[in-house]
Amino acid sequence: MNLKNYKMKRDFQQTQEPPGTEKTTSGAMHFCIQKHAARSLHYDFRLEYKGVLLSWAVPKGLSLNPQDKRLAIKVEDHPLEYQYFEGVIPKGNYGAGTVEIWDHGSFTMPHASDRKGIERDLSEGLKQGHLAVVLQGDKLHGEFIFQKLKKEPEDHNWLIIKKTDNYATKSDENDLPSTKPKNLKKKSLNSSPPC
Ligand code: MN
């Protein structure tokens with residue numbers, strides 16, 4: 001885990017995104033989902049792991065319907081502070097466009113609820129290309145499966161699928177609200193328009 005790729009892609013004189021350092025933290029493990037109106041709109045799913053945020057770009061966002069398999073492209077690890085980032089990445093920069101926090105909360109895994117156990121299971125899951133996380137977000141709750149499509153390490157395509165539980169829906173439509181999470185303080189967005 002390191003932030004080399006994250007830092008290489010960005011000019012911190014230009015973007016307000018956090019430069020970030022790898023940190024050790026304690027307590028609950030966090031996840032966030034950011035709605036990112038870049039050249040094409042997508043949702044960035046980030047999971048805390050060993051001092052950074054594992055990150056996937058999900059073009060269609062998440063669905064509560066276990067029938068929906070949502071493509072999720074694994075991207076570079078992001079710094080932990082990124083889970084609170086909202087703002088406009090200026091034109092000409094990597095990922096130019098508006099970033100908004102869409103969901104935020106904590107997560108556990110089906111067989112682990114403490115940090116040590118979660119990191120152990122996450123590490124194993126990353127090796128296997130199969131993760132199950134249980135989200136306690138403002139919008140998203142319950143278990144989601146992350147399944148890597150191919151074994152090759154250089155392939156970055158995964159699927160995110162809702163597991164059938166009390167929080168799953170049968171609806172064909174993704175009826176998740178587009179509003180911001182209630183329990184997160186609304187930060188003022190930069191006034192420049194999205195690129
Ligand atoms: Mn993005």
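Reader: How many helices and strands does the protein have?
Author: This is a predicted model, so let's take the elements in order before counting them. From the N terminus on they run α-β-β-β-β-β-β-α-β-β-β. The count for the protein is 2 helices and 9 strands.

Reader: How confident is the prediction, and in which element is confidence highest?
Author: The protein averages a pLDDT of 89, and 87% of the residues score at least 70. Among the elements, α1 has the lowest confidence, with a mean of 93. The highest, at 98, is in β8.

Reader: What share of the contacts with a separation of 6 or more comes from residues 24 or more positions apart?
Author: Some background on the chain first: buried residues make up 50% of its 195 residues. The accessible surface comes to about 10500 Å², and 51% of that belongs to carbon and sulfur atoms. As for contacts with a separation of 6 or more, the share from residues 24 or more positions apart is 60%.

Reader: Which residues coordinate the manganese ion?
Author: Along the chain, the donors follow the spacing H-x5-H-x1-D. Both histidines, H36 and H42, are buried. The donor atoms sit at 2.2 to 2.3 Å from the ion, and they come from H36 (ND1), H42 (NE2) and D44 (OD).

Reader: Which element gives the most to the largest nonpolar core?
Author: That core has 27 residues, and F45, L47, W56, F107, L122, F144 and F146 have the most contacts inside it. At least two residues each are supplied by β1, β2 (41-49), β3 (52-58), β6 (97-108), α2 (115-128), β7 (130-137), β8 (141-148) and β9 (157-162). With 4 residues, the element that gives the most is β2.

Reader: How many residues are in the second, separate core?
Author: This core includes Y6, V52, L53 and F85. One of these, V52, is placed in strand β3. The number of residues in the second core is 9.

Reader: What does F144 contact, beyond its neighbours within four places in sequence?
Author: F144 is among the residues with the most contacts inside the largest nonpolar core. With its neighbours within four places left aside, the partners of F144 are L62, S63, L64, L131, A132, V133, L135, I160, I161, K162 and K163.

Reader: What separates the C-alpha atoms of I33 and E100?
Author: I33 lies in strand β1 and is buried, with a relative accessible area of 0%. Leaving out neighbours within four places, I33 is in contact with Y43, D44, F45, L62, E100, I101, W102, D103 and L140. I33 and E100 are 67 residues apart along the chain, and their C-alpha atoms are separated by 8.6 Å.

Reader: Which side chain makes a polar contact with the side chain of E76?
Author: E76 is in strand β4 (residues 70-79), and at 8% relative accessibility it counts as buried. Beyond four places in sequence, its contacts are N5, Y6, K9, R10, S55 and Y94. The polar contact is at 3.3 Å, and the partner is K9.

Reader: What is the phi of K50?
Author: K50 lies in the loop between β2 and β3, and at 44% relative accessibility it counts as partly exposed. Most residues other than glycine have a negative phi. K50 is not a glycine, yet its phi is positive, at about 45°.

Reader: Is S26 buried or exposed?
Author: S26 is found in the loop between α1 (4-8) and β1 (29-37). Its C-alpha atom is separated by 7.5 Å from that of R115, 89 residues apart along the chain. The relative accessibility of S26 is 64%, and the cut-off is over 50%, so S26 counts as exposed.

Key
Residues numbered from 1 in each chain as written. Predicted model: local features only at pLDDT ≥ 70, side-chain atom pairs only at ≥ 80, totals over all residues. Heavy atoms only, no water. Donors = N, O, S within 2.8 Å, 3.2 Å for Na, K, Ca; no water. Buried < 20%, exposed > 50% of the residue type's maximum accessible area, 1.4 Å probe, protein only. Core = buried A, V, L, I, M, F, W, Y, C linked by side-chain atoms within 4.5 Å. Contact = heavy atoms within 4.5 Å. Areas by Shrake-Rupley, 256 points an atom, 1.4 Å probe, with all protein chains shown as cover. pLDDT = per-residue confidence, 0-100. Polar contact = N/O pair within 3.5 Å; in protein donor to acceptor, adjacent residues only side chain to side chain.
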